[in-house]
Amino acid sequence: MSYFRMNRRSLMAGAAATAFTARSMAQAQQPVNIKIGVLNDRSGLYADLTGEGSALAARMAVEDFGAAAKGLNVQIVSADHQNKPDVGANIARQWYDNDGVDAIADVPTSSVAFAVNQITREKNKIMLNSGAASSDLTGAQCSPNTVHWTYDTYALAQGTGGAMVKAGGDTWFFLTADYAFGHALERDTAAVVTKAGGRVVGAVRTPFPGTDFSSFLLQAQSSRAKVIGLANAGGDTINSIKQAAEFGITQGGQKLAGLLVFVTDVHALGLQTAQGLILTESFYWDLNDGTRAFSERFARQRGGNKPTMVQAGVYGATLHYLKAAAATKSRDATANMAWMKGNQTDDPLFGKGTIRADGRKMHPVYLFEVKKPSESKGPWDYYKLIATLPAEEAFRPIAAGNCPLVRA
Amino acid sequence: MADIAATGSPSISASPKAAADNAALHRMIFIGLAATLLVLPFIPVIGYPFFLMKVLCFALFACAFNLMLGYGGLLSFGHAAYFGLASYVSAYTAKHWGLTPELSILLGTASGAVLGLAFGSLAIRRQGIYFAMITLALAQMVFFFSLQTPRFTGGEDGIQAVPRNNLFGLIPLGSDTSTYYLVAAVFLAGVALIYRVIHSPFGQVLKAIRDNEARAVSLGYRVNQYKLAVFVLSATLAGLAGSMKAIAVQLASLTDVHWSMSGEVVLMTLVGGMGTVFGPIIGAAVIISMQNFLAGLGAWVTVVQGAIFVVCVLIFREGIVGVIGKWIKRPL
């Protein structure tokens with residue numbers, strides 16, 4: 001309606017004003033076309049925790065924002081990067097070069113995220129990363145075009161490592177997947193544990209990807225460490241937790257700490273197997289009224305599955321980006337990024353927060369323990385909240401990240 | 001193996017006139033190919049230089065593989081090792097030593113050659129399935145090495161943001177289009193070299209060994225030396241393709257050394273036409289286009305690929321170009 005009213009007014013004004021002003025007013029009413037690409041794993045290891053659910057979260061953000069009424073014509077596209085950096089880089093380039101995509105969201109798997117990070121910077125677009133773990137995205141490899149929303153390895157280490165030591169778990173044994181990511185997780189967590197006054201009594205490297213963890217679990221058991229840290233991800237984590245349950249490790253008094261575990265992993269394992277596992281996430285569907293309302297709507301469209309923190313992050317990041325685009329009325333990446341960093345974020349899932357100069361989104365993270373089957377009241381009732389870490393404690397201080405943007 | 005012989009390039013017994021005719025036809029195809037490469041970037045949709053570079057790199061890779069399988073009769077299942085290692089070497093030297101593209105491509109190619117010599121001299125001692133298994137095992141060692149030396153390869157992150165330094169230190173490769181023409185030129189040179197090798201006396205001996213090794217031995221040829229030579233040549237050209245890919249795509253990753261890459265190049269060669277000069281180019285174009293334009297299908301791409309492979313094996317056993325060659329009764 002307002003469109004027609006404005007048009008009539010501009011027509012009337014046109015009689016008095018010059019042709020130039022009339023044209024510029026007509027232009028202002030053109031909706032701004034925004035295209036957001038959700039790039040993630042839609043077929044492999046991370047399809048459940050990112051995948052179509054992230055695309056749905058992005059669409060829900062567009063809907064909730066009421067983008068059409070605010071002069072934005074938003075289109076969401078999605079693609080599968082198969083967890084391969086070259087596939088991801090290829091899609092990102094084509095999206096930017098040929099398909100007019102303005103922002104790429106999600107991008108789990110750090111190796112793919114680094115590739116997309118690089119291309120996004122080169123083409124001056126925006127990456128709204130939710131899925132990747134590496135804290136280097138806002139550290140040595142930080143970019144003025146990237147926001148890292150949901151979590152990172154530093155926060156996971158702080159949450160699981162620091163809080164566990166405080167709760168009495170002061171001796172640690174690591175089961176580390178033998179590749180760079182596993183090593184990084186172990187190194188970061190061990191540093192936090194030692195700093196908090198704990199002690200690392202041993203570590204064992206497991207072949208990646210692994211299926212048989214029995215001998216490593218026996219070593220961990222005989223080390224008598226109070227906490228066994230699982231510095232691995234995906235299938236390795238699932239396998240090692242399953243086999244730990246078979247060995248009765250948690251019943252024996254040792255705690256299992258997953259350094260990269262998502263609610264979908266717990267769902268896949270079942271409470272019987274996963275009970276007692278300690279983990280860190282920045283979002284859980286049952287935190288407050290806002291998260292519950294969103295998660296219910298989400299689950300209705302996803303066959304009952306609750307959103308993961310990565311999918312929640314895609315929602316939050318997309319919403320904030322749309323606010324920026326509506327405020328600047330443009331697709332310009334530089335202007336939109338400036339708006340995003342200059343204004344507080346506010347969404348029902350993560351609450352109020354900010355985006356730092358290095359691209360780090362600041363919000364609290366939570367330490368959870370997986371419930372016993374007897375404690376769970378229904379489907380997806382999996383976590384007990386143990387501790388809440390404020391954003392400043394959870395995320396790496398901006399000066400310690402070695403981000404060239406901040407030093408300059 | 002008799003099938004390959006039937007579709008192979010001109011046999012020794014072909015009359016001089018037929019051979020001259022074929023050579024003229026091939027010359028025409030080469031000119032056509034060069035002209036196509038020249039205008040391709042100006043065609044919409046498929047003329048996206050980034051996509052074209054990828055096709056060309058894989059096409060050269062497939063041609064190198066075909067040299068060994070189609071003309072040497074040696075099925076290697078570890079060609080990803082030469083392709084991947086070379087791409088790492090070229091990416092590393094360009095990024096960390098700041099070498100110019102031609103030098104890093106040369107070093108990458110050389111690493112492919114050295115690796116080919118080492119692996120080849122072990123593998124050619126066995127034949128058939130054992131040969132394939134040895135090459136696969138050695139290639140898996142290269143994969144493991146790449147996974148475990150993050151200092152050199154960047155581990156699972158790969159070597160990213162490989163710079164495109166100035167060619168010869170002079171010509172900037174800033175735009176994708178200029179890099180495309182470099183890749184196209186190297187590709188053409190590579191294919192021309194392969195063509196020359198196939199039609200040389202050396203190539204004729206290779207075909208003789210492929211068709212009947214015992215007879216070649218009895219004629220006094222040192223079979224193992226020929227096999228090793230073609231192995232090294234193939235590995236070198238695979239290395240050339242790999243190092244070019246690292247510069248063009250600006251990324252060297254574990255995908256390049258993974259065994260599935262070795263499988264993919266077999267697929268490209270078979271779909272296009274094993275033992276034909278131009279078949280692997282078509283095969284690579286078909287497979288890469290499918291991966292590119294069907295990316296929206298996600299995991300279904302591999303299913304579609306598998307279906308196409310089955311159709312190819314059932315209907316055109318000689319591959320796309322092999323069948324065309326049969327129709328026009330000319331070796332392509």
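Modeller: Let's start with burial: a residue is buried if 20 or more other C-beta atoms lie within 10 Å of its own, exposed if 12 or fewer, and partly exposed in between, with C-beta atoms placed from the backbone. Take B:Lys329, which is exposed because 6 other C-beta atoms lie within 10 Å. Keep in mind that this is a predicted model, in which local features need pLDDT of at least 70 and side-chain atom pairs count only at pLDDT 80 or more, while totals for chains, interfaces and linings use all residues. Residues are numbered from 1 along each chain as its sequence is written, and chains are lettered from A and ligands numbered from 1 in the order in which they are written.

Colleague: Where is B:Lys329 placed, and what is its phi?

Modeller: First the general idea: most residues other than glycine have a negative phi. B:Lys329 has a positive phi of about 55 degrees without being a glycine. This lysine sits in the segment after α15 (319-327) of chain B; helices (H or I, at least four residues) and strands (E, at least two) are DSSP runs, numbered from the N terminus.

Colleague: And is A:Asp106 buried or exposed?

Modeller: A:Asp106 is buried, with 36 other C-beta atoms within 10 Å. Its phi is positive too, about 80 degrees, and A:Asp106 is not a glycine either. A:Asp106 belongs to strand β3 (residues 103-106) of chain A.

Colleague: How many helices and strands does each chain have?

Modeller: Chain A has 16 helices and 15 strands, whereas chain B has 15 helices and two strands. For the 408 residues of chain A, a compact globule would have a value near 22 Å, and the chain's 23 Å agrees. Along the principal axes, the C-alpha atoms of chain A fill a box of roughly 90 × 50 × 35 Å, and the trace of chain B spans about 50 × 45 × 45 Å. Buried residues come to 55% in chain A and 49% in chain B.

Colleague: Which domains make up chain A?

Modeller: Domain bounds come from an automatic or database domain assignment. Here they give domain 1 (31-151 + 288-363) and domain 2 (155-281 + 366-394), with C-alpha centres 28 Å apart. For touching, two residues are in contact if their C-beta atoms, placed from the backbone, lie within 7 Å. By that test, 13 residues of domain 1 meet 12 residues of domain 2.

Colleague: What does the contact between the chains take from each of them?

Modeller: Chain A supplies 21 residues and chain B 18 residues. On the chain A side, β2 (72-80), α4 (85-97), α5 (110-122) and α7 (180-195) each give two or more, and α4(A) gives the most, with seven residues. By class, that side has nine nonpolar, six polar and six charged residues; Ala, Val, Leu, Ile, Met, Phe, Trp, Tyr, Cys and Pro count as nonpolar, Asp, Glu, Lys and Arg as charged, and the others, Gly among them, as polar. The model scores ipTM 0.81 and pTM 0.85.

Colleague: Which residues touch the most other members in the largest nonpolar core?

Modeller: A nonpolar core is a set of buried Ala, Val, Leu, Ile, Met, Phe, Trp, Tyr and Cys residues joined through C-beta atoms within 7 Å. The largest has 221 residues, and those touching the most other members are A:Val116, A:Leu322, B:Ala59, B:Leu60, B:Phe61 and B:Val183. Helix α3 (residues 49-71) of chain B gives this core the most, with 19 residues. Both domain 1 and domain 2 of chain A also give residues to the core, so it lies between them. Apart from neighbours within four places in sequence, B:Phe61 is in contact with B:Phe83, B:Ala238, B:Ala241 and B:Val265.

Colleague: Where in chain B is the pLDDT below 50?

Modeller: pLDDT is the predictor's confidence in each residue, from 0 to 100. The mean for chain B is 89, and 95% of its residues reach 70 or more. Over residues 1-12 of chain B the pLDDT is below 50, and this stretch has 25 contacts in the model beyond near neighbours in sequence.

Notes:
The radius of gyration is taken over C-alpha atoms; the globule rule is 2.2 Å times the number of residues to the power 0.38.
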